Amino acid sequence: MPSVSKRLATDLLFKGVLGLATVILFIPLIMILYYIIVNGAGAISWAFLTSLPKPPGEIGSGIGNAIVGSAILICIACTISVPIGVGVGVFLSEKPTHTIAKMVRICLEILQGIPSIVIGIISYLWVVLPMGGFSALSGGIALSLMMLPLVIRSTEETLKLIPQSLKEASLGLGVPYYRTMTKIIIPAGRPGISTGIILGISRVAGETAPLLFTAFGNPFLTFNIMKPVNSLPSLIYNYATSPYSDWQQAAWGASLVLILFLFTLSLIARTISTR
Amino acid sequence: MRKTSQLSPEDRNIRIYETLFSWILKFFSVLVVATLVGILATILIQALPSFRDAGINFYTGKSWDPVFKHFSATPFVVGTLATTVLALLISIPFSLSIALFSGFYLHPGRITSTIRLLIDLLAGIPSVIYGFWGLSIVVPAVRQFELFSGRVPYGVGIFTAALILSIMIVPYAASIGRDVIALVPSDLKEAGLALGATPYEVVRWIVMPYSKAGLLSGILLSFGRAIGETMAVTMVIGNANKIPGSIFDPANTISSIIANEFAEATDPIYVSHLIHMGLILFITTTAIGLFGRRVIKKWSSH
Amino acid sequence: MNKQILEISNLSVSIGNDTIIDNISMDFHWKKITTILGPSGCGKTTLIRCINRMHELIPHARVSGSILLFKKNIYEMNPILVRREIGMVFQRPNPFPTMSIYDNVIAGYKLNGIKLGSAEKDNIVETSLCRAGLWSEVKDALHRRGAFLSGGQQQRLCIARALAMKPRILLLDEPTSALDPKSTGHIEDLVSELKESVTIIMVTHNIRQASRISDFTAFLSKGELVEYGSTEKLFTVPEDKRTEEYLSRSAG
């Protein structure tokens, strides 16, 4: 029979190994953050954030067009996915057993699992080919397809938690159903729904793969959604894989901007959902 | 009782809005279903020329050479499997450790919420930044190792890609694992402890056997997730369109070949072959995802 | 003979700011059945969980006072050893679903990493199941999983699992609260037989059950030990008004 001290030692060792593995995993996290901050902080300045890219070797290059491009792409994605997502979420929570609701659930599960590169192909075939060229619109549509399941899920989950009595109170006052939903129920679920939207934005803001052959990239500043646009992730991809050290430097700066943006989003989401 | 014909204009407006509201909701829902059906149909139709052109050779052939019109997915299927399986092997001990450590050993408290926060941070870093970090830090390190061990010092390759991919899938796998382990009924854990077992012995003989099915489907789901991962892998795998001979060889995965060549492909049949690979990706990830989640759902409801 | 098997002195337990057990002292009697009686929330489950240190699984629980097991303070012993001497049966039957009936009975040995010969194992399984009154019902299905057993049978399997470790004290935490009357009767008969070989401490909120099978009864209210003495005396001439009130109200 194994002695108690030996068994306790095994238990302690096991716990130690688990703890060690947990700590080891965070080394890459700390390294990544360290490199981004150390290399990126040096690159960032007001000029860097507002200027346009320049050919390698020229000073004063910036990422202004990529920031504007990312903003345009996110706006397009939200414009499409938020109304549809909230609408479908309301439908799912109101009529959970409806045939269409059941079909939507299966579709969402599949949609959520589609690799982002395949989403890129779809948007290329649906938008880029008919329009005859790369565009911000096609990129925004690709991102909206990725955001949609998240918005729907969070709306449905949030509305399910809103007490039935609230709806009954409103209906009991003679308020029509559509008004009860739009004026009482959806506002009551606003924190949860906004959290879902913010999480959706932070999911797509860092995506590169669906933009490779949709928004494509553009060294110039444009506000035209029918023209290709640059974005922070695409810029990081192009600069990171380039051989020029000043471009790589700019990629670190862009990474820092992107990471700060994403962390801010998740901070906002956390504050909203815990309030 | 008032008849419909006697409705006041205000009542009629309400009726109209009411109907409109429910029609819009229904329309949006049907739109979601139609989108998915459309996606599937589009990929299938666009991949048809590839089926006709290459036939079974697409799966049995050995090379991909657009210039000579040799199109076979084999190098990329092999590359994908090698990269993802290796990444899983590296990541499983870590994901399982975190799952057990924070789901079984620690009481919910400051440490578990710190671990959760760090995991969330790890999950929130975009793929392209993992790839960038991999290019500038991991690739040189692997190159040093290859020089040291007498291999060709590519730096990039399957091993490097798997290393980075393994870090990327840990947050996903660990959170599934933690949920699965948290579902082990506490009265079973207590029964084990009451018999005088140490926590380790409870994990070994009660928690692990109980959660086996859930953990296995968690691994399967992580596998499905890893297959679709594109950017980081594309940046560090070396982009070689041949069947890799070793895990240190440069290669391409299904997703990285699409990322690299889709925008440049001009010949329609070339595009169709790439879409055909998108179809493979779509079907495998969907099948794995649906199957894995069904198993977890069934397992957690008993 | 009244060996000093288990002595609780000045035991207090608090979770956060709530006092669950308030300065309880009591001795238990060798090879007798003691029931701990009281309304729900009076701390009776916490009390017996302190006896095998299972309360340590509750975060932020603080304990003061001492519990002596054969004159040794269990808070200075390793919990593993305490739990080997003091077996426990829980409210809801909790056989290990991944193990066969056979493996469930010897689970304590397996979990503790004790290697046994197969003859020895067979012997322990048969003896324990016989003591738990389950042997004749399951002897042909030993290597099947216990899922097909009824609730009462599962609970007896859990008792067999605890008995297999040859504990000197058996703690039963409302063992029949999840069972039907017939199974309850079975368990009660079983417990009465078991006192030949093991000291039993049972928590219950069922007054009739306490009067039917126990030798001694302790009445707890709001974390306080109101009255403790022979079952006969406590049920016929209770000293404390609160006991009397509880007994009469619940019986009526």
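This section describes the sheet of chain C and the interface between chain C and chain B in a predicted model.

In chain C, four strands are arranged as an open sheet with the order β2-β1-β4-β5, and their pairing is antiparallel. The edges are formed by β2 (18–28) and β5 (72–73) of chain C, each of which pairs on one side only. Within the sheet, strand β1 (residues 6–15) of chain C is joined to strand β4 (residues 61–69) of chain C by eight bridges in the antiparallel sense. In this pairing, Leu69(C) of β4(C) is the residue opposite Leu6(C). Helix α1 (residues 44–51) of chain C lies across β1, β2 and β4 of chain C, and its direction makes an angle of about 120° with β1(C).

The interface of chain C with chain B brings 28 residues of chain C into contact with 18 residues of chain B. About 1900 Å² is buried between the two chains, and carbon and sulfur atoms contribute 68% of this area. Two salt bridges are found across the interface of chain C and chain B. A salt bridge links the side chains of Arg92(C) and Asp187(B), with an N to O distance of 3.5 Å. Three residue pairs, with both residues at pLDDT 80 or more, are in polar contact across the interface of chain C and chain B.

On the side of chain C that touches chain B, at least two residues each come from α2 (79–85), β6 (86–89), α4 (107–111) and α7 (151–164) of chain C. The most is given by α4(C), with four residues. By class, this side of chain C comprises 15 nonpolar, six polar and seven charged residues.

How values were computed
Residues numbered from 1 in each chain as written. Chains lettered and ligands numbered in written order. Predicted model: local features only at pLDDT ≥ 70, side-chain atom pairs only at ≥ 80, totals over all residues. Heavy atoms only, no water. Pairing = 2+ DSSP bridges. Contact = heavy atoms within 4.5 Å. Axes fitted to C-alpha atoms, helices over the stretch in contact; angles between N-to-C directions. Buried area = accessible area lost by both parts, 1.4 Å probe. Salt bridge = Lys/Arg side-chain N within 4 Å of Asp/Glu carboxyl O. Polar contact = N/O pair within 3.5 Å; in protein donor to acceptor, adjacent residues only side chain to side chain. Nonpolar A, V, L, I, M, F, W, Y, C, P; charged D, E, K, R; others polar.
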